[in-house]
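The sequence and the structure come first, and the description follows.

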Amino acid sequence: MWPAKEKGFMTFKRELPANVPVDERVKSFKEFTTSLPEIRIREQAYRCMNCGVPFCHSGCPLANQIPDFNDALKNNNWREALAILHSTNNFPEITGRVCPAPCETSCVLGINEPPVAIEYIEREIVERGWREGWIAPQPPRTRTGKSVAVVGSGPAGLAAAQQLNRAGHEVTVFERDDEPGGLLMYGIPGFKLDKAILKRRLDQIRAEGVRFQCGAWIGKDVPVRELDMFDAVLLTVGSTKARTLDIPGANLNGIHLAMDFLPQQTRRLLGKDIQGPEISAKDKNVVVIGGGDTGSDCVGTAIRQGAAQVVSLEIMPRPPLDRDASTPWPLWPYMLRTSSSHEEGGTRDWSVLTKEFTGEAGKLKQLHCVRVEWAKDASGRMKMEEIPGSDFFLDCDLALLALGFLHPEHETAVRELGLELDSRGNIKTGSNFETSRPRVFAAGDARRGQSLVVWAIREGREAARCLDLALMGFSNLPSLASYGYDALAE
Ligand SMILES: Cc1cc2nc3c(=O)[nH]c(=O)nc-3n(C[C@H](O)[C@H](O)[C@H](O)COP(=O)(O)OP(=O)(O)OC[C@H]3O[C@@H](n4cnc5c(N)ncnc54)[C@H](O)[C@@H]3O)c2cc1C
Ligand code: SF4
């Protein structure tokens, strides 16, 4: 007997399926999430109160219609739930795995109860869709005769390519790597996002008619003039210029960028050649410098490779355990985040400044650190000061730099196309995603700066609509504007 539709939260507690235990899961690079029985998934949907003003919906950058798909599940209509999910999100199987779920931190139930398990429900709906064969290629009925080049095949490029192709344009995606997917393929590790999940969606996109040219580095191996044959170009080249650490000893052997380390492991798992010298954490004292998703992915990967120990360092102070008063509901909370990789081992330390790498015979051996204190200066800006006498030394024969990304690379496509940049070095666009060069558009991390998968999908979808409008004078593609959102806001 089900409770009244809007009162399920009084009967059912938030429940997520247990992950594979740590001891077991670190033995492989496989995904480690499990599923609840169908009835218990529907119980979770029943916890949704179908609020008059659903804050979850505006918390999601894609404006996913969360109360609507929960309602469909309450009615046991999984196929309808899937259609609702796909109406705003091209890749729910990906956000359902890796999204930090800002929807959940703005869920109204979350004010005084654990929020609705939105991300988990999303994953179960879409996985049911794949199992049942409900997700099939949707090629356009007619072609417009227009062609579009998409440069870069991360989530922004893939979402845009799928939307533009469905609008009837001939779409070719150029990707410099040997496989499409961007950071979904070679950034996010397989234990968070199995590459078979990505390939399943890529097969659908290909079957709809999108062409992929991999190993095509625009502005380097492939001159930008080859893009002239297209009616429009969309640059979704990501924010790939990594921040480095310019301290003494930084040229010692054993110091690597996270994005030199992580792709190698995925290539190994896919049976591909490793490019450049092999980087392995096996039996090493590993220090991961920098928190965030990238740092935590390095931790999980190093543990699985058999590191002797893993230490994560963060220059910022340790955030509070609960939502900080400066970020009240429904804002994205400033608070400590503990990823599944952090649960798997290693230690974390905050307010630590790295001073110098030292080594022997050119090989990294130690990291010299000092503790810092953060305080506001006269202008109210946070400033750090070293704490005298707080120096310490860490044994370290592999240092992984996960310090974030500055902006897209400027040396190739961006420079060759002569594009204007914004003050942070990202590609500058107008409100319709068009760059300083007519008929050349940009979206995703390359335009917005380092961000999240859910934002990249949003940018790809919105840019596709603007580009379609520019080519055709009208567009039937969906847009956030139809829900009263400004696509470039936030
Ligand atoms: C290690 C790591 C883990 C992350 N984990 C998460 C997570 O768990 N959850 C989350 O939401 N976000 C995560 N992120 C962030 C997220 O992956 C990015 O915000 C998102 O992938 C950006 O998408 P994009 O399409 O703009 O660019 P990208 O995914 O970076 O794709 C850009 C593509 O363009 C290609 N390219 C670049 N220049 C050229 C050129 N000139 N010619 C041809 N191709 C080119 C690149 O090879 C790349 O494939 C993570 C990021 C990293 C680095
Ligand atoms: S995409 Fe992310 S923010 Fe949007 S509903 Fe799914 S988990 Fe929530």
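In what follows, Ala, Val, Leu, Ile, Met, Phe, Trp, Tyr, Cys and Pro count as nonpolar, Asp, Glu, Lys and Arg as charged, and the others, Gly among them, as polar. The model is predicted.

**The site of ligand 1**

By these classes, the shell around ligand 1 is made up of 18 nonpolar, eleven polar and seven charged residues. In total, 36 residues surround ligand 1, and the closest are Val-98, Glu-175, Lys-192, Ile-218 and Asp-445.

| Residue | Protein atom | Distance to an oxygen atom of ligand 1 |
|---|---|---|
| Ala-156 | polar backbone atom | 3.0 Å |
| Glu-175 | N or O atom in the side chain | 2.6 Å |
| Lys-192 | polar side-chain atom | 2.9 Å |

Of the 1,000 Å² of accessible area that ligand 1 has on its own, the protein covers 96%. Two or more residues of the shell around ligand 1 come from each of helix H10 (155–166), strand E2 (170–175), helix H14 (292–305) and helix H18 (453–472), and H14 gives the most, with three residues. At the level of domains, the shell around ligand 1 takes at least three residues from domain 2 (147–240 + 406–483) and at least three from domain 3 (255–401).

**The site of ligand 2**

Ligand 2 is surrounded by Cys-60, Asn-64, Ile-66, Thr-95, Cys-99, Ala-101, Pro-102, Cys-103, Ile-118, Glu-119, Glu-122 and Val-454. These residues divide into eight nonpolar, two polar and two charged. Helix H8 (102–105) and helix H9 (118–132) each supply at least two residues of this shell, and H9 gives the most, with three residues.

**Two open sheets**

Strands of a sheet pair through backbone hydrogen bonds, either parallel or antiparallel. One open sheet has five strands in the order E5-E13-E6-E7-E8, with parallel pairing. Strand E5 (255–257) and strand E8 (347–349) stand at the edges of this sheet and have a single partner strand each, so one side of each is left without a neighbour in the sheet. Neighbouring strands here are turned against each other by 20° on average, direction ignored.

Strand E4 (residues 232–235) and E14 pair in the parallel sense over three bridges, with Leu-234 standing opposite Phe-441 in E14.

**Backbone details in loops**

Most residues other than glycine have a negative phi, and most peptide bonds are trans. Against that background, two places deserve a look. The peptide bond from Trp-329 to Pro-330 is cis, with omega near 5°, and Pro-330 has its place in the loop between strand E7 (309–313) and helix H15 (340–343). Ala-63, a residue other than glycine, has a positive phi, near 55°, and lies in the loop between helix H4 (55–59) and helix H5 (66–74).

Technical notes: Residues numbered from 1 in each chain as written. Chains lettered and ligands numbered in written order. Predicted model: local features only at pLDDT ≥ 70, side-chain atom pairs only at ≥ 80, totals over all residues. Heavy atoms only, no water. Near = heavy atom within 4 Å. Polar contact = N/O pair within 3.5 Å; in protein donor to acceptor, adjacent residues only side chain to side chain. Areas by Shrake-Rupley, 256 points an atom, 1.4 Å probe, with all protein chains shown as cover. Helix = DSSP H or I, 4+ residues; strand = E, 2+ residues; numbered from the N terminus. Domains from an automatic or database assignment. Pairing = 2+ DSSP bridges. Axes fitted to C-alpha atoms, helices over the stretch in contact; angles between N-to-C directions.
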